[in-house]
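Dear colleague,

Please keep it open as you read, since the notes go from the ligand to the sheets.

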Amino acid sequence: MKIHKLLEKPTTKNYVIRAIKYIFSVTPALMISLIFITVVNGLAATVNASLTHITLDSMSNMLENNQDFRFIIGIVALMVLTMIFFPILTSLEGLLRTRITQKINKSVKADLMEKMSKIEYENFDDKEIYDLSTRMLTEVETKVSQTVFSVLSLLSNVISAIGISYVVISLAWWMLPLSIVGAIPMFFVKFKSSEELNKAEKEMTYFNRISTYISNIILNKESMKEIKLFGILDYLKNIWRNNTEKSFKRRLIVESKYGKRGALVNILYVWVGTPLTFINILFVIRGTLTLADYLVLLNTVGTLGLTLVHGIPNQYGEVRKYKLFWDDLSVLSKLKDVTYKNFPGLEESKQFEIEFKDVYFRYPQCEEDTLKGITFTIHNGERVAIVGENGAGKSTIIKLLLGLYKPRSGMVTVNGCEVSAISPQIRKKIMSCVFQDFTKYFLSVRENIGFGDIDQIQNTEKIRDSAIKGLADPFIQKMPQGYDTMLGNIYGEGTDISEGQWQKLNISKAYNMDSNIIILDEPTASLDPIAEAEIYHTFKNLSEEKTCLLVSHRLGSAQIGERILVIQDGKIVEDGNHEQLLKNNGKYATMFQAQSKWYQEG
Ligand code: ADP
């Protein structure tokens, strides 16, 4: 059977059908077994009621001496068997649900991660998508199976109601329409409440996101230093509490509103039910109903009432609860995957030319352009520094060069190929980048460097060679397990290293990529001046043959660039080498003088 991807474009709008189809495709045998057991289990109340009726009838017949005692023994034996059979079935149902959930969990998370990695990077700037992904991450795995389980529980309740209705009709048909009409208001209350709860949950995402963020800050070792220093724990706790309370309150308002209405409808149902019981007693006295009929009717109408007023509406509410999740999935599945083009010869190329042609770029949901007509070419083997004040647009240029965003107009190309259309597999062979805000993987040293060339992760020699270039080898050698030392504080025995050491591992990772274009986005911000000078010196020697782009707001380090581009307010305002730019007496010269004065005074 074809495995449906959870995040494929949905073929139907009905989320229940989508959920069932998905589970069927992942685990058909378990799903069929579960449906079978659910249907049989749904008949439990009817079987019980029928057997009770037959027993009571036989007992009264026996009193009149026209019933064989062996028949009663047979019926009681059957009742005992059902008492054993149905609980076993219930346990089996539980077991099946656990097994299905386990199987589904794996594929749901995998599908979700795959989709998230394929969509355009700019989607993550969209608040709605951000909210949606926050919602998706909470219990995402269980929501798929829970949707189906709640539908099956609803089915079980409906089967139970139909079976019991049959028993009721056979005893006193007029009780059935009355029971159904009585249940309608409750059904309406449940329907409305689940609609409103869905709406509330959407609004609650915003508050939950803030409170989760704040609680993560409070519980984080890194931020704990500052929290203690500034004494801001109570202040942060207040933000956390306020947002948590807002979220709780929003939910409580809906639940209490519909809880009260539900209770009222329930009382009404009981008040209507009581006179009906008296009418039945009258029928028994008149002889229209037997005592056995009356007792079974009392029991079945009670069960039917519970099923109609609580079981079915509750389960229906439960099914509706998952609508938001499936709506979110639909939004996510409709997001376009990035498409890549095939650029023949690019992968084998050894020479690269980068070109920005009149590039305008605006971040999603921003009103103003961040880049305003950027044009430059970097020839093969050139070492270029991009400098400018904070917020000028330097990192944005790098993000465009890495193909994370597409220009609003203009072109960003490498050897004439549009970078955003180059597949990640090929792009990583061409370009490596050292970010300032890189990811620290709390895994081994080997992995932190080896991720630069995942196919060679076991090649210790290559990893060590990269670490030597990145100036990380000396401190790695001193670690207890060398390159296999676990980093970070999530392991009992993990080793903590300094910011500067993390950055050296990060730089080593970039060396490990072996690419011809090296991009450095403020890579030495966390290093001391000596380490910074050392890194740039090594870097200068190692990058002779390579094309290199360095972003920095420290002009001292920018001098390793043979050519310097000065960015101001999204435009290139100067282009030349250090001496030329000083002579120009423009933006670069002003910045250089200000910084050197600062260093001299410092
Ligand atoms: P620089 O690297 O020169 O310090 P950036 O390229 O990071 O500057 O940022 C340029 C401008 O773009 C800044 O005004 C910044 O606030 C804005 N910006 C950066 N990232 C985003 C984003 N994801 N969404 C909206 N605006 C952004």
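By class, the shell around the ligand consists of four nonpolar, six polar and four charged residues, where Ala, Val, Leu, Ile, Met, Phe, Trp, Tyr, Cys and Pro count as nonpolar, Asp, Glu, Lys and Arg as charged, and the others, Gly among them, as polar. Please bear in mind that this is a predicted model, in which local features need pLDDT of at least 70 and side-chain atom pairs count only at pLDDT 80 or more, while totals for chains, interfaces and linings use all residues. Residues are numbered from 1 along each chain as its sequence is written, and side-chain values use heavy atoms, with hydrogens and water left out.

**The ligand**

There are 14 residues around the ligand, and those that come nearest are Gly 391, Gly 393, Lys 394, Ser 395 and Thr 396; a residue is near a molecule or strand if one of its heavy atoms lies within 4 Å of it. As for polar contacts (pairs of N or O atoms within 3.5 Å; within protein, one must be able to donate a hydrogen and the other to accept it, and residues adjacent in sequence count only if both atoms are side-chain atoms), an oxygen atom of the ligand lies 2.9 Å from a backbone N or O atom of Lys 394, and an oxygen atom of the ligand is 3.1 Å from a backbone N or O atom of Ala 392. The side chain of Tyr 363 has an N or O atom 3.4 Å from a nitrogen atom of the ligand. The protein buries 63% of the 560 Å² that the ligand exposes when taken alone, with accessible areas from the Shrake-Rupley method with a 1.4 Å probe; for residues, only the protein chains shown count as cover.

Helices (H or I, at least four residues) and strands (E, at least two) are DSSP runs, numbered from the N terminus, and two strands pair if DSSP finds at least two bridges between them. Strand S1 (residues 354-361) runs antiparallel to strand S4 (residues 409-414), and five bridges join them; Glu 355 has Thr 413 in S4 as its bridge partner, and Lys 357 stands opposite Met 411. S4 and S5 form a hairpin with two residues between them, and Asn 415 in the turn has a positive phi of about 50 degrees.

Strand S7 (residues 517-521) pairs in the parallel sense with strand S8 (residues 547-552) over five bridges, and Ile 519 stands opposite Leu 549 in S8. S9 and S10 run antiparallel and are joined by five bridges, with Gln 568 opposite Lys 571 in S10; they form a hairpin with two residues between them, where Asp 569 in the turn has a positive phi of about 45 degrees.

With kind regards
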